[in-house]
Structure formats: structure tokens, C-alpha cells
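Come along and check each entry against the picture.

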Amino acid sequence: MANDMIISARDLSKVFRRGSEEVRAVDGISFEAGAGEMVAITGPSGSGKTTLLNMIGCLDNPTSGTLSVGGRPVFGGHRELSERELTRIRRELFGYVFQKFYLIPTLTVEENIMLPGAFYQAPGAKAARDVMKLLGIEQRYRHLPGEISGGEMQRVAIARALINGPKVILADEPTGSLDSRRADEISAILHGLTKQGITVVLVTHNLDLARSADRRLEIRDGKIHAE
Ligand code: ADP
Ligand code: MG
């Protein structure tokens with residue numbers, strides 16, 4: 001495994017237990033991503049894409065396998081990080097764009113964007129303003145999520161993922177609810193981030209977006225079907 005990989009996973013598996021039933025959601029996937037790379041994960045519904053993304057992002061513990069992020073071993077082998085160290089990695093290394101945006105309806109666009117920084121350090125309105133400008137939503141900062149379009153909500157979700165200056169953006173179907181023109185705009189924004197050296201790992205059903213990535217990983221039944 002090359003050390004310069006920002007994410008390096010080997011034989012990751014995740015087994016969920018529901019009563020006596022076992023679901024092997026991710027079944028021995030190895031995965032690497034370098035700085036500034038875009039990797040697209042595709043596959044049918046229920047194939048384990050979200051589970052894989054959550055493990056890569058240190059949001060969920062693998063059942064087995066090893067994972068290093070930012071050159072640090074996180075799971076597996078002899079070393080495991082404490083919950084406190086994991087929390088630090090989550091907020092300093094990663095920016096998360098969840099499938100359903102998860103914007104808080106009673107907070108303004110600006111407040112939603114500042115939220116991940118709120119409990120960590122005061123990034124200040126300046127950082128929020130910078131990411132809003134980058135995403136072309138600076139005119140919307142006082143609006144509530146209910147007052148903006150789906151494309152704009154998606155941009156707010158990306159802006160929020162950028163507020164702490166992450167090295168890796170993990171995005172679960174970032175164009176899932178957008179028309180093709182809006183989807184192309186989000187694709188251009190994500191490619192722009194890679195040019196700044198940010199690694200983007202995304203789950204997508206959008207073929208154009210998947211094809212535009214540096215690498216594609218197709219998964220079926222928790223296994224790599226094609227690379
Ligand atoms: P995808 O994102 O590709 O649609 P998921 O990673 O969400 O797939 O799910 C993969 C499999 O794991 C599915 O069979 C799903 O039902 C199961 N699964 C996901 N999360 C859980 C959970 N928390 N508990 C039990 N089963 C789960
Ligand atoms: Mg999913």
C-alpha cells in the first residue's frame with residue numbers, strides 16, 4: 001500500500017446483524033484514493049455503496065479489514081484510534097455531503113454552512129462567505145433552505161462540507177435529486193475541488209459524472225464487480 005494515498009483500505013467488510021439474520025453489506029473491498037483524485041462508486045441499490053462510504057469516512061466501524069486515512073491507521077491491524085482521535089479526523093480531514101442534504105430548516109443558508117465549525121472552532125463568517133462565493137450562493141446567505149432551489153440546497157450541502165477545509169469530500173449521490181443541467185454544474189464544482197488537491201469520493205447513479213471521474217468502482221452485493 002502506497003503511503004501517499006490519502007485513503008487506503010484493504011479487505012473492508014461490514015456485516016450487519018438483524019436478529020439471527022446476517023447481512024454482508026460490504027464484503028472484502030480494497031480501495032485507494034490519492035490527493036486530488038476523483039473516485040466514483042456505482043452499483044445498484046442495496047449493493048453497499050453508502051456502507052462503504054461511511055466506513056471510509058470513519059462514520060462506521062468495519063467488521064474486518066484495515067483502513068488508513070491521511071497516512072494514519074484507523075482500523076485494523078494492531079492500532080485503533082480512540083473515539084476522540086476519530087472525532088478529530090472526521091472534522092479535520094473529511095467533508096461529508098449526505099444523500100438528503102440534511103439542511104436544518106430553521107437555520108439560514110449561512111448558519112447551515114457554519115454548523116460543522118460551530119462546535120470546533122469559530123471559522124467566522126469570512127470562511128462561510130468564501131465557500132458561498134466559491135459555490136455561487138453568496139446572494140442566498142440569509143435565506144432559509146425552504147426558500148431556495150434543489151440545486152442551491154445541494155450547493156449549500158457542499159459548502160457546508162468545505163467549511164473546515166477538508167482534504168477529502170465524501171458525497172453520497174450529490175446529483176441524485178437534480179436535473180441534468182444542475183447535475184453538470186455540481187460535477188464542475190466537484191472537479192474544481194480536485195484541482196485544488198481535494199480528493200472526492202462519490203456515490204453516483206449519474207453516468208456522465210461517473211465517467212468523468214479519474215476512477216470508477218462498480219460494486220455488486222458488497223463486492224467490487226468492475227474497476
Ligand atoms: P446502497 O447505498 O448501495 O444502496 P447500503 O450500503 O445502504 O446500499 O446497504 C447495503 C446492504 O446493507 C443492504 O442490504 C441494506 O439493507 C443493509 N444495511 C445497510 N445499513 C444497515 C443497518 N444499519 N442495519 C442493517 N442492515 C443494513
Ligand atoms: Mg446508499
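**Entry 1: the ligand**

I began with Thr51, where an N or O atom of the side chain is 2.5 Å from an oxygen atom of ligand 1. I call such a pair a polar contact, meaning two N or O atoms within 3.5 Å; within protein, one must be able to donate a hydrogen and the other to accept it, and residues adjacent in sequence count only if both atoms are side-chain atoms. I then looked at Lys49, which has a polar side-chain atom 2.8 Å from an oxygen atom of ligand 1. For Gly48 I noted a backbone N or O atom, 3.0 Å from an oxygen atom of ligand 1.

How much of ligand 1 does the protein bury? I found 64% of the 560 Å² that ligand 1 exposes when taken alone. Accessible areas here come from the Shrake-Rupley method with a 1.4 Å probe, and for residues only the protein chains shown count as cover.

Before going on, I wrote down the ground rules. This is a predicted model, in which local features need pLDDT of at least 70 and side-chain atom pairs count only at pLDDT 80 or more, while totals for chains, interfaces and linings use all residues. Residues are numbered from 1 along each chain as its sequence is written, chains are lettered from A and ligands numbered from 1 in the order in which they are written, and side-chain values use heavy atoms, with hydrogens and water left out.

**Entry 2: the shell**

I listed the residues around ligand 1, among them Phe16, Arg18, Pro44 and Thr50. Near means that a heavy atom of the residue lies within 4 Å of the molecule or strand. By class I have four nonpolar, six polar and two charged residues in this shell. Ala, Val, Leu, Ile, Met, Phe, Trp, Tyr, Cys and Pro count as nonpolar, Asp, Glu, Lys and Arg as charged, and the others, Gly among them, as polar.

Which element gives the most to the shell? I found that α1 does, with three residues. Helices (H or I, at least four residues) and strands (E, at least two) are DSSP runs, numbered from the N terminus.

**Entry 3: the four-stranded sheet**

I traced an open sheet in the order β2-β1-β4-β5, with antiparallel pairing. Two strands pair if DSSP finds at least two bridges between them. β2 and β5 (72-75) are the edge strands with a single partner each, so one side of each has no neighbour in the sheet. Neighbouring strands are turned by 30 degrees against each other on average, direction ignored. Axes are lines fitted to C-alpha atoms, for helices over the stretch in contact, and angles run from 0 to 180 degrees between N-to-C directions.

I then checked the pairs:

- β1 and β2 share ten bridges in the antiparallel sense, and Ile7 has Ala33 as its bridge partner in β2.
- Two residues lie between β1 and β2 in their hairpin, and Gly19 in the turn has a positive phi of about 65 degrees.
- Five bridges join β1 to β4, with Ser8 opposite Ser68 in β4.
- β4 (residues 64-69) meets β5 through three bridges; Ser68 is partnered with Pro73, and Leu67 with Phe75.
- In the hairpin of β4 and β5, Gly70 takes a positive phi near 55 degrees.

Two helices lie across this sheet. I saw α1 across β1, β2 and β4, at about 125 degrees to β1, and α2 (residues 83-93) across β4 and β5, at about 115 degrees to β5. Contact means heavy atoms within 4.5 Å.

**Entry 4: the six-stranded sheet**

I read the order β6-β7-β8-β3-β9-β10, an open sheet with mixed pairing. β3 (residues 38-42) and β9 (residues 215-220) run parallel, joined by four bridges, and Ala40 has Arg216 as its bridge partner.
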